[in-house]
Amino acid sequence: MHKVVRKGVSISEARKAIIMIHGRGATAESILGISSYLNLTDYAILAPQANGNSWYPFGFMKSDSGNFVAMNSSLNQIQTLFEEVMDAGISPENLYLLGFSQGACLSLEFAARNAQKLGGVVAFTGGLIGEMLNPDNYSGDFQQTPIFIGSSDRDFHVPASRIQDSAALLRQMGAEVTVKLFDDPDHTIRPEEIDWVNKNIFVRGEK
């Protein structure tokens, strides 16, 4: 059984839920640390823990075969949490995905493989996974789900070109994608990104 750290409203009482996915070498507790900066007061917050603190062993644009087994296991881990949220009576349009770095990549990958109307997807420094983007891996219709991708315009791990290519594919699948690239070299989550998602995705009040 994979570890899941929980925070916020209990899933049986919440009307909204968010799955927060940590980066490589980090922990579920670490990604939960940013939840206090987000408008998540009425959300059930679930943060899965990756085995060995990594969702897949190699870079997200390396050979697909090297990452295949671990990535599929990680996607299944997110699917299990997704089903738990659905079983608690929370609808997909009230479920949100958020990740940083490797977790951002996994958030986008899971969403695109299961595209449907979600509350929103927040990818702090990430893109779709694969040596090349393969549209055949993805299916469904986002039905205008808001997706945010923020990053350095020259991130060492996540090229801006992959972010833009991912955004284009997600738009073709019906998502409303916002990309913000920042003129700095930092692999981090910026206050401007937090502000944007609070104003545009984690909007207070009923949708």
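## Basis and largest pocket

On a 1 Å grid over the protein atoms alone, a pocket is an open set of points where a 1.4 Å probe fits, with protein on both sides within 12 Å along at least five of seven lines, and lining residues have an atom within 4 Å of a point. Grid points are joined across faces, edges and corners, and a volume is the space filled by probe spheres set on the points. The model is predicted: local features need pLDDT of at least 70, side-chain atom pairs count only at pLDDT 80 or more, and totals for chains, interfaces and linings use all residues. Residues are numbered from 1 along each chain as its sequence is written, and side-chain values use heavy atoms, with hydrogens and water left out.

The largest pocket holds about 380 Å³ of space. Its lining comprises 21 residues, and R24, S101, Q102, H157 and H187 lie nearest the centre. By class, 11 of the lining residues are nonpolar (Ala, Val, Leu, Ile, Met, Phe, Trp, Tyr, Cys and Pro), 2 are charged (Asp, Glu, Lys and Arg) and 8 are polar (the others, Gly among them). Helices α1 (28–32) and α3 (102–113) each supply at least two residues of this lining; helices (H or I, at least four residues) and strands (E, at least two) are DSSP runs, numbered from the N terminus.

## Helix α2

Helix α2 (residues 64–87) has 24 residues and spans 32 Å from its first C-alpha to its last, close to the 34 Å expected at 1.5 Å a residue, where the expected span is 1.5 Å times one less than the number of residues. A kink of about 35° is centred on A70, the bend being the angle between axes fitted to the seven residues ending there and the seven starting there. Just after α2, G89 adopts a positive phi of about 95°.

S74 has a relative accessible area of 5%. Leaving aside neighbours within four places in sequence, S74 is in contact (heavy atoms within 4.5 Å) with W55 and L106.

S101 is placed in the loop between β4 and α3. Its phi is near 60°, a positive value in a residue other than glycine, and S101 counts as buried at 13% relative accessibility.

Q144 is placed in the loop between β5 (120–124) and β6 (146–152). Although Q144 is not a glycine, its phi is positive, at about 70°.

Technical notes
Buried < 20%, exposed > 50% of the residue type's maximum accessible area, 1.4 Å probe, protein only.
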